Amino acid sequence: MARVFDEEGIRMVSGGSDNHLLLLDTLSSLNMTGKEAERLLDAAGITVNKNTIPFDTQKPFITSGIRLGSAAMTSRGLGEKEFEQIARWIVQVLKAGDDATAEAVREEVRKLTAKYPAEAVLD
């Protein structure tokens, strides 16, 4: 995921991913608050959290970034190829910045998650 974000010019606060979390600066990268990014990605079926970044100029309820975690995806069995695709969908939704794109991506997210059901984690 980090490679895709880097290629697409999305600033990662940590400069990469040393663990299962990524913090993206959506305000400087896309001129979009974390709150709006969270809303658009939720509409696309991708769960993230708005998150403050170091030296954030936005209020904590608005934020300048989003936090992504990979634990839920790895526990469902998604691999590197799927992580890359999800990162590309995130970029697509955030760069477009509209609900129509989010809805189109939501259908693709549903197809992918159907291949990796959460119930399989419990087996």
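Q: How many bridges link β2 and β4?
A: Strand β2 spans residues 21-25 and strand β4 spans residues 65-69, and the two pair in the antiparallel sense. Along this pairing, L24 stands opposite I66, while L23 has R67 as its bridge partner. Strands of a sheet pair through backbone hydrogen bonds. Between β2 and β4, the number of bridges is five.

Q: Is β2 largely enclosed or largely open, and how many of its residues are buried?
A: Burial here means a relative accessible area under 20%. Strand β2 has five residues, and enough of them are buried that it is largely enclosed by the rest of the structure. The count of buried residues in β2 is four.

Q: Which side chain makes a polar contact with the side chain of N51?
A: N51 belongs to strand β3, residues 49-51. With a relative accessible area of 18%, N51 is under the 20% cut-off, so it counts as buried. Its contacts beyond four places in sequence include L23, D56 and T63. The polar contact, at 3.1 Å, is with the side chain of R67.

Q: How far apart in space are I46 and L68, C-alpha to C-alpha?
A: I46 sits in the loop between α3 and β3. At 9% relative accessibility I46 is buried, and among the residues it touches are L41, W89 and V105. In sequence, I46 and L68 are 22 residues apart. In space, their C-alpha atoms are separated by 9.7 Å.

Q: What distance does helix α5 reach from its first C-alpha to its last?
A: Helix α5 runs over residues 80-96, which makes 17 residues. At 1.5 Å a residue, its reach is close to the expected value. Its buried residues include F83, I86, W89 and V93, and what covers the buried residues includes α3, β4 and α6. From end to end, α5 reaches 24 Å.

Q: Which residue just after α5 takes a positive phi?
A: Helix α5 ends at residue 96. Just beyond that end, a phi of about 70° is found. The residue that takes it is G97.

Q: Is T101 buried or exposed?
A: T101 lies in helix α6. Not counting residues up to four places away in sequence, it touches Q92, V93 and A96. Its relative accessible area is 16%, and since the cut-off is 20%, T101 is buried.

Q: Which helix has the lowest confidence?
A: Across the protein chain the mean pLDDT is 92, and 92% of the residues reach 70 or more. Confidence is highest in α3, at a mean of 98. Where pLDDT is low, the predicted coordinates should not be read in detail. The lowest confidence, a mean of 56, belongs to helix α7.

Notes
Residues numbered from 1 in each chain as written. Predicted model: local features only at pLDDT ≥ 70, side-chain atom pairs only at ≥ 80, totals over all residues. Heavy atoms only, no water. Buried < 20%, exposed > 50% of the residue type's maximum accessible area, 1.4 Å probe, protein only. Polar contact = N/O pair within 3.5 Å; in protein donor to acceptor, adjacent residues only side chain to side chain. Contact = heavy atoms within 4.5 Å. Pairing = 2+ DSSP bridges. Expected span 1.5 Å × (residues − 1). pLDDT = per-residue confidence, 0-100.
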